[in-house]
Structure formats: C-alpha cells, structure tokens
Amino acid sequence: MKLARTRRVPPKLGLGRRETAVRDRRWIDFSWSISLALATVLLVWGCGGHDAHAGAALTPPDDISELDDAEAPGAGFVAPTLISVETYEGSGQLVHPDAAVFPDQWQGKRYWIAGTPYPSGNPKFENPSIYQGRFSREMHVPIGVTNPLVGAPSSGYMSDPDLLHDPDTGELRMYYRETIAGVDEVLLITSSDGVHWSPSRLVAKEVRYALISPAIVRESATSWRMWTVNASMQGCFSLPTETTLEQRRSVDGITWGAPERVTLRIPGRVPWHWDVQYVAAKSEYWALVAAYPEGTTCSRTAVYFARSVDGTTWRVSPTPLLAPGEFDPLRDVVYRSSFHYHDGSDAVSVWYSGGRLEGNAFRYAVASARYPYADLLRRVGGASPMILEREGASGASPELQAARTQFEREFP
C-alpha cells in the first residue's frame, strides 16, 4: 500500500522561515497519521471486515480429539512417563489408576481416569477421585468437580476404584472397595456427566481381604462380571496357596452371584491386584496383574500381562511388563495398573502406579506408557528375570524396611 504524499504549502506573506518549517512538519505528521489509520482499516477489512473480532480466528477449540496420536496407525512406543496429578490434599501422590477410554469423547474428553491419593502411605486420604484428559498423559480435575467423590470413612479406608461406561444409561460407573474392621465391601457410584455423582450403593460384601482389587467388565446389557482377589487368610503376607482369584456374575452390575474360582498362576509369584478388560478386537480378556515373589510381601509387586479366551482360565506372560528398578520414580514397587487397547493403531496405553523410597517413606506416583501390541508381546514373552531378590541376603536399608513395613500394615 502506498503512503500518502506530503505536500509543501507555500508560506503566507508575513511568516518567517521558522514558522513555515513548523507548519510543514505538522502537515507531515498529520499525513502519516492519516496513512496509518487507512492501513489499519484495510488490514481489519482484509481479515474479515466489520464482522471480525480480535483473536477470534486464533482461538483453538477446547478439545481437538482427533489429534490423539495413540489412535494413529503405526503409533509408536512411548516410554513410561510421570503424569502430574492434582490430588485434593495437595501431595500429587496417587495410586490405583483405572481408565475408561472413549472412541471419540464423552462429556468433552476421551480419557476418564479414577484414582486414590496415597500421600507417603497415609490411608485416610485414599478416597476415590476422578480425572479427565484429551490424551493418555493428561489427568486434570474436571471443571465443577471437588475431589474426593466419596468422603473418608470414620474408620478403615477405601481403595481400588474401577471405572467403566454403561452405554445403556450413558453413565460412568465407579466401583470401589471399602475396608472397615473385619469386612471388605464393594460400593458403586454413578454419574451422567462426570461431575455430579450418586450416593454410594453397596453391591458386595465379604470378610476382610476377600474383595481386593475389584475389576468389572460389562459384556452386554444383561451380562456383567467382576474379578477379585481373595487373600483373607494372610492378607499382604499370603503365599500362593493362600490366595484365590475369583469371579462373580451379574445381570445388572449391582446384584452379584456367588464367587467362582479363576485359574491364573505366575510361577514363583503371588497375584495381588489386577485390572481386567475384554478386548473385542482380539476376542480375548486381558489383565494386568500386580504380583510379588513368593515368600515376600505385597510391597514388592511387579506388573504382568495375562490373556484369556473365557475370562476363567488365564495365561500369564513370563516376564513382567514393568518391574521395580526399571523406572526410577517407581523403582521400589510397581502396583495396580490399568490399560486400554486402541483399535485404530493396534497399540496399548498403560497407566502404572507405584512408588520409590524418599526419606523414610514411599513417594507414590502415576505414569503412562504406550506399546505397539507386537512390541508388548516381545517385552513380556522372554524368560523371567530375578526380581527383587536382589535385596535378599544383603538386606534392604533400614529406611526401605520401614517403608515396606508401613506398606504391608495398611496396603493401598
């Protein structure tokens, strides 16, 4: 755009050279002002005319769900990476992640993840909380939510939330475990928007340590299954012969039948916590199983990958998907973990939880990773390494022993 030319005005009679120069400069300044104003008008017009609003064309949408790289064909390996989490008591320490993942999105987000804070192993804060994200590496408190969703009981503690979607009602369901005195209970809360949740409803009750880590799958509108770990004999100190993996069946996910025994063995290990899902694309049930070496305790778990055609008889890969010592933030214990299979990319997202010793206590955290399915099978298909026996005769430090004792006394 051309700038307006300045025009020299002949001096009037009786004006000196100084007055003429001042007047000429004022005319030049005025001409520049007119030119700049014209340029601004043309620029605004070119960007949308009088209907344009400053910044409107540059504001991104709240959620660009199609950019989720986990669904892109050929999605590659993503190493375990810590997820920053805002817990209601301020520690940022969380365990028991469990994810419900949607093909597109639900209430504006694709990923919805339950978890329980566990600051330095304090069970009074271990209360069910909800998070959401556009991507697997995001966990944000939904707008309008005040965690925890369920207040702490006057005695005992809560743990092991399991989250899933019921397409018939359009609701999220969150099951969780509550342990009080000599009793284990599984309770249910529901939400149609992820923000407002129903009062808790009791759906199962057994003796203490008989309903550990409930994992629920909706197979159809009239077929639901729940898998649990029964360690009522010795709790966190159980031997393989003292731990039973069980399943229950229901027509509505609320009223459950009697427990049935499940066959799942990991040689030399004790299955402890697990998450189960049905993967339609593979026509299989999959599970991530936190298990500890026989003769030790539940403070030494690693996470194994298991598959089943019928959900009753399971085959477990010999090598852990993640073991203590492999990822520094979870170097001392890798605990209950969750996963999701991505149809579009044949990849698996995993949410790990666990902790490492800091000072005299474990610091807990959640991390995410992604594995192409073929790569996951290679990782878990080799010979099983020695895990955690490295502490054996040489002994752990007094600080680590104290942290493990606390973990064993009131495991998360």
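Tutor: Gladly, and let us begin with the largest cavity of this predicted model, whose volume is about 30 Å³.

Student: Why is this called a cavity and not a pocket?

Tutor: A cavity is a set of points where a 1.4 Å probe fits but cannot get out, whereas a pocket is an open set. The search of the whole structure used a cut-off of 30 Å³ or more, and two cavities were found.

Student: What makes up the lining of the largest cavity?

Tutor: Tyr118, Ser120, Gly121, Ala361, Phe362, Tyr364, Ala403, Gln406 and Phe407 line it. Strand 20 and helix 3 (398-409) each give two or more residues to this lining. By class there are six nonpolar, three polar and no charged residues.

Student: How do the residues lining the second largest cavity divide by class?

Tutor: They divide into two nonpolar, three polar and two charged. The second largest cavity holds about 30 Å³ of space, and its lining consists of Val78, Ser136, Arg137, Ser349, Ser368, Ala369 and Arg370. Strand 20 gives the most here, with three residues.

Student: Now the disulfide. How do you know that Cys236 and Cys298 form one?

Tutor: The rule asks for a pair of cysteine sulfur atoms within 2.5 Å. The sulfur atoms of Cys236 and Cys298 are 1.9 Å apart, so the pair meets the rule and counts as a disulfide. By this rule the count comes to one disulfide.

Student: Why is the disulfide of Cys236 and Cys298 called left-handed?

Tutor: The torsion about its S-S bond is about -100°, and so the disulfide is left-handed.

Student: What makes this a link between distant parts of the chain?

Tutor: Cys236 sits in the loop between strand 10 (223-230) and strand 11, while Cys298 sits in the loop between strand 14 and strand 15, 62 residues apart.

Student: Are Cys236 and Cys298 buried or exposed?

Tutor: Cys236 is buried, and Cys298 is too. That label calls for under 20% relative accessible area.

Student: On to helix 2 (residues 373-380). How do you know that its buried residues are on the same side?

Tutor: The buried residues are Tyr373, Asp375, Leu376 and Val380. They cover an arc of only 160° around the axis, which puts them on the same side of helix 2.

Student: Which strands do those buried residues of helix 2 pack against?

Tutor: They pack against strand 14 (284-293), strand 15 (302-308), strand 19 (347-358) and strand 20 (361-372). Contact here means heavy atoms within 4.5 Å.

Student: And the pockets: what volume does the largest pocket have, and which residues are closest to its centre?

Tutor: The largest pocket has a volume of about 810 Å³. Of its 28 lining residues, Ala100, Val101, Gln277, Tyr278 and His340 are the closest to the centre. Strand 2 provides the largest share of the lining, six residues. Sorted by class, the lining has 17 nonpolar, four polar and seven charged residues.

Student: What about the second largest pocket and its volume?

Tutor: The second largest pocket has a volume of about 260 Å³. Among the 13 residues lining it, Pro240, Thr243, Arg261, Leu264 and Arg265 are the closest to its centre. Strand 11 (244-250), strand 12 (260-262) and strand 13 each give two or more residues to this lining. Its residues divide into six nonpolar, four polar and three charged.

Technical notes:
Residues are numbered from 1 along each chain as its sequence is written. This is a predicted model: local features need pLDDT of at least 70, side-chain atom pairs count only at pLDDT 80 or more; totals for chains, interfaces and linings use all residues. Side-chain values use heavy atoms; hydrogens and water are left out. Buried means under 20% relative accessible area, exposed over 50%, partly exposed in between (1.4 Å probe, protein chains only). Helices (H or I, at least four residues) and strands (E, at least two) are DSSP runs, numbered from the N terminus. The arc is that of the directions from the helix axis to the C-beta atoms. On a 1 Å grid over the protein atoms alone, a cavity is a set of points where a 1.4 Å probe fits but cannot get out, and a pocket is an open set with protein on both sides within 12 Å along at least five of seven lines; lining residues have an atom within 4 Å of a point. Grid points are joined across faces, edges and corners, and a volume is the space filled by probe spheres set on the points. Ala, Val, Leu, Ile, Met, Phe, Trp, Tyr, Cys and Pro count as nonpolar, Asp, Glu, Lys and Arg as charged, and the others, Gly among them, as polar.
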